[in-house]
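Please look over the sequence and the structure below, taking the chains one at a time, before reading the report that follows.

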Amino acid sequence: MEVHVICYLLVGAVMLFAGVYGFFTRRNLLATLISVELMLNAANINFAVFNRYLFPGVLEGHFFSLFGIAISAAETAVAIAIMINVYRNVRNIQTDDISDLKG
Amino acid sequence: MEEITLQQVIFGIVALMMMVCSVLAVTSGKILRAATALLFVLFGTSVFYFILGYTYLGAVQLSVYAGGIVVLYVFSILLTRSDKNMNERIPRGRWFAALATTVAGFVLVAFLLLGHGFADTVIPALEELNPGTVGEALIGTGKYQFVLPFEGVSVLLLACMIGAIMIARKH
Amino acid sequence: MEYTILILLLPVLSFLLLALAGMKMSHRVSGLIGTVVLGAVAALSYMAAYDYFSLPRQADGTFATLVPWNAVWLPFTESLHIDMGVLLDPISVMMLVVISTVSFMVHIYSFGYMKGERGFQRYYAFLSLFTFSMLGLVVATNIFQMYVFWELVGVSSYLLIGFYYTKPEAIAASKKAFIVTRFADLGFLIGILIYGFYVGTFSFTPTETGLMQGAMMLPLALGLMFVGGAGKSAMFPLHIWLPDAMEGPTPVSALIHAATMVVAGVYQVARMFPLYIAYAPDTLHIVAYVGAFTAFYAASVACVQSDIKRVLAFSTISQIGFMMVALGVCTGAPSHEGGLGYMASMFHLFTHAMFKALLFLGAGCIIHAVHSNEMSTMGGLRKYMPVTHITFLIACLAISGIPPFSGFFSKDEILTACFAFSPVMGWIMTLIAGMTAFYMFRLYYGIFWGRENKELHAAHVPHESPLSMTFPLMVLAAITCVAGFIPFGHFVTGDGLSYDIHLDATVAATSCVVAVVAIALATFMYARDTQPVADALARRFPRLHEAAYRRFYMDEAWLFVTKRIIFRCVSRPVAWFDRHVVDGFMNFLAWAANASGEEVQPMQSGRIQAYVLWFMAGIIVLTLMLLLCV
């Protein structure tokens with residue numbers, strides 16, 4: 001167990017910014033959602049690592065990750081439900097084409 | 001110079017795989033490949049949790065994320081036929097702006113991390129976290145116990161389930 | 001005498017009622033409302049006059065100045081404040097009587113004259129507005145209230161001149177009247193401001209200390225105020241609007257442009273008279289010279305005009321000139337006799353209002369009968385319109401100064417005052433009085449005698465007007481017959497003391513002889529079917545005749561001044577500055593706002609990814625700033 005903290009954090013940072021990049025560049029809603037999942041995961045890893053590193057005796061980071069997983073599952077379910085609904089209406093889920101919902 | 005342990009070797013391999021796969025997940029031209037890459041990233045994350053000793057968290061990660069969510073992705077990809085239209089390019093200027101922002105952000109964060117002195121610290125050795133402890137903390141009401149957020153999340157999941165059904169059902 | 005406020009309130013209420021609800025009423029109802037209200041106002045005015053003049057005189061022999069109602073409106077300093085109120089003194093009470101009488105008569109007369117006209121209700125509403133403004137002007141407690149109502153009078157005059165707003169001439173005339181008087185009022189306003197600044201009050205009766213401070217500036221202030229009065233009272237060279245104002249309905253001409261509004265300038269000078277006589281006698285004499293020149297100029301133009309309303313308009317200008325002269329020849333030295341002109345002027349204002357209103361209303365009957373203003377369509381009308389004929393003749397005799405009609409007495413006082421000032425002025429004014437008699441009888445013969453336009457009259461037989469129109473004529477004629485015997489000097493004099501009017505035998509005889517000679521000359525020239533002498537004179541002096549007919553090219557002179565000089569040298573650069581610099585600046589602001597909006601607008605694409613991109617970039621920049629600063 002002698003992996004440096006910085007290694008975890010750098011992997012998390014790469015994941016986070018890969019997600020950011022994907023969020024900016026993807027036009028498919030599902031691909032955008034995949035990017036969001038990447039970002040969430042990076043955050044979860046950071047919670048767990050810092051919990052482990054700074055407060056090994058308590059479990060707040062651990063549980064924060066746990067709840068994060070639950071919430072991302074919920075978010076994914078709702079988002080996919082919306083996308084399927086959108087697809088049913090406009091036969092497409094490209095972000096640029098879905099402008100009918102604008103006010 | 002310390003000896004390289006098995007753990008470090010495994011961590012290195014997994015970390016490399018995760019970084020490559022996360023980049024693939026956002027750059028791949030085919031969405032099914034992107035979803036697969038995401039699956040590998042999620043696997044890697046659970047490996048991290050195992051290495052950290054959070055076996056219960058790793059198991060949840062595997063079952064919920066890798067098992068549940070990715071399957072959901074694959075289904076919806078197939079349902080919305082998204083695999084057919086991933087080749088549309090965004091304008092070059094926007095792409096460049098996105099790339100520049102991302103790289104700048106990464107460089108900034110990396111600079112902060114490296115400059116903070118994390119490089120020398122290692123995770124202290126700890127036994128594997130007992131799932132029983134996790135269970136008690138999850139349903140206990142005392143200090144450092146989490147029954148209230150647990151109930152909150154369960155209500156949230158219920159609401160989401162109902163909402164997802166309401167949104168997705170045919171009118 | 002608090003009820004005098006009603007004299008002001010009733011017409012304004014009637015105006016509001018008619019203006020807001022008039023279109024819902026029938027002609028008859030709206031006309032009745034206006035007339036009944038005016039009848040009430042007239043009754044109240046008579047009551048006020050009776051009550052006022054039956055008050056006992058003060059210890060020094062003058063009538064007290066009453067302020068039965070006053071409200072401080074805009075206070076600036078302790079002494080400098082603008083009030084709204086009612087002031088009663090001999091001249092304001094006299095003006096109340098004149099205005100309400102003539103206005104009441106015009107209201108009755110309009111029933112017949114305006115019958116069936118489109119905008120009947122509007123007409124009565126405007127008449128009420130005018131009456132209100134004019135009454136407010138004369139009872140003003142301070143110079144600023146006077147100015148406010150002065151402008152209101154101008155507005156109602158503008159509205160009534162332009163009453164037939166579908167006629168381009170009427171619109172042009174109303175604009176001309178408004179702009180010319182407005183231009184003159186600028187002088188009035190500047191005068192008021194100078195007065196307020198140096199004397200420290202807007203009151204007509206400043207304090208001793210205020211007068212001490214402002215004595216140096218008083219001649220200038222009063223002179224500027226007189227410019228405003230000259231505009232309203234059509235003094236040369238600001239008279240050009242009055243002849244054109246005849247485009248309005250004839251009863252309006254009778255009320256506004258003959259009897260009441262145009263004497264506002266005279267009234268203003270009379271109102272400021274104590275200050276003129278004490279501090280600015282030279283300014284007062286300028287008033288006299290302006291008045292004398294105007295009287296002569298207008299009389300000479302009136303001799304050749306062919307439009308009967310124009311003749312009457314120039315006659316009005318000339319007679320107002322007489323009033324101004326009478327005020328101007330006053331001297332302070334023996335204050336009682338020196339103030340004779342003041343009394344004469346007010347007396348002439350009173351009698352002139354009556355007989356000039358009578359003349360205009362008579363002209364209205366004639367126009368009503370032949371549907372034209374031109375003398376060529378008339379002639380021989382005495383057979384058809386006996387009442388109009390007799391009343392018109394009475395008015396002509398009055399204005400010519402034949403005893404025992406009212407004009408003789410007032411004009412005689414004016415001439416006496418002029419002779420007392422200087423014999424030259426006296427003879428000039430006597431000559432002008434002769435010209436007055438000449439052109440009035442030229443007009444009279446041209447309408448009622450002379451060659452009849454037979455074919456026109458055969459096609460449309462002239463007829464006498466209905467009773468609603470002849471009744472005011474008869475009332476005014478009766479007043480004209482007896483007004484001369486009113487002991488006017490008992491009520492209104494320069495120093496407030498009672499003054500017995502006594503006829504100066506020489507002056508009276510001279511003016512009578514001159515008038516009779518002038519009438520005889522007019523009879524000789526114009527009474528018959530053909531006019532060989534007049535035509536021969538016109539041929540002998542074609543240039544002079546043409547010039548007089550064109551009013552000595554005054555309108556052209558003004559047009560030259562405005563179009564060639566003011567428009568070109570002042571208005572154009574100002575307009576250029578406005579269009580390019582002022583507007584340009586505003587346009588630049590608008591353009592800048594628009595352009596920046598155009599630039600920013602694409603950022604609001606609705607694309608959430610772009611928003612997040614900006615958000616992220618912003619966070620990075622902020623973090624960098626924090627790092628670099630700390």
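This is a predicted model: local features need pLDDT of at least 70, side-chain atom pairs count only at pLDDT 80 or more; totals for chains, interfaces and linings use all residues.

## Chain A

Chain A has 103 residues, of which 55% count as buried. If one takes the contacts in chain A between residues at least 6 apart in sequence, 46% of them join residues at least 24 apart.

## Where chain A meets chain B

Between these two chains, 62 residues of chain A are in contact with 71 residues of chain B. On the side of chain A that touches chain B, at least two residues are supplied by each of helix H1 (5–25), helix H2 (29–54) and helix H3 (60–90) of chain A. The largest share of that side, 20 residues, comes from H3(A). Sorted by class, the side of chain A that touches chain B is made up of 45 nonpolar, 12 polar and five charged residues.

## Helix H1 of chain C and its partners

In chain C, helix H1 (residues 4–21) packs with helix H4 (residues 120–138) at an angle of about 155 degrees, and their axes are 8 Å apart. Because angles over 145 degrees count as roughly antiparallel, H1(C) is roughly antiparallel to H4(C). The crossing of these two helices, H1(C) and H4(C), is left-handed. Among the residues of H1(C) that take part are Ile7(C), Pro11(C), Phe15(C) and Leu18(C), and the residues they and their neighbours meet in H4(C) include Tyr124(C), Ser128(C), Phe132(C) and Gly136(C). By class, the contact of H1(C) with H4(C) holds 12 nonpolar, five polar and no charged residues.

H1(C) also packs with helix H2 (residues 27–54) of chain C, here at an angle of about 170 degrees and with the axes 9 Å apart, and H1(C) and H2(C) are therefore roughly antiparallel to each other. The contact involves residues of H1(C) including Thr4(C), Leu10(C), Ser14(C) and Leu17(C), and residues of H2(C) including Ile33(C), Val37(C), Leu44(C) and Ala48(C). By class, the contact of H1(C) with H2(C) has 12 nonpolar, five polar and no charged residues.

## Nonpolar cores

The largest nonpolar core has 206 residues, and the members that touch the most others are Val325(C), Leu327(C) and Ala357(C). Helix H16 (residues 340–370) of chain C gives the most to this core, namely 21 residues. Leaving aside residues up to four places away in sequence, Leu327(C) touches Val266(C), Val269(C), Ala270(C), Phe273(C), Val287(C), Gly341(C), Tyr342(C) and Ser345(C).

## A residue in helix H26 of chain C

Is Asp555(C) buried or partly exposed? This residue is found in helix H26 (residues 554–600) of chain C. Asp555(C) is partly exposed, because 15 other C-beta atoms lie within 10 Å, whereas a buried residue would need 20 or more. The C-alpha atoms of Asp555(C) and Ile240(C) are separated by 6.4 Å, although the two residues are 315 residues apart along the chain.

Methods. Residues are numbered from 1 along each chain as its sequence is written. Chains are lettered from A and ligands numbered from 1 in the order in which they are written. Two residues are in contact if their C-beta atoms, placed from the backbone, lie within 7 Å. Helices (H or I, at least four residues) and strands (E, at least two) are DSSP runs, numbered from the N terminus. Ala, Val, Leu, Ile, Met, Phe, Trp, Tyr, Cys and Pro count as nonpolar, Asp, Glu, Lys and Arg as charged, and the others, Gly among them, as polar. Axes are lines fitted to C-alpha atoms, for helices over the stretch in contact, and angles run from 0 to 180 degrees between N-to-C directions. Angles under 35 degrees count as roughly parallel, over 145 as roughly antiparallel, 65 to 115 as roughly perpendicular and the rest as oblique. A crossing is left-handed if the near helix is turned anticlockwise from the far one by less than a right angle, and right-handed if clockwise. A nonpolar core is a set of buried Ala, Val, Leu, Ile, Met, Phe, Trp, Tyr and Cys residues joined through C-beta atoms within 7 Å. A residue is buried if 20 or more other C-beta atoms lie within 10 Å of its own, exposed if 12 or fewer, and partly exposed in between; C-beta atoms are placed from the backbone.
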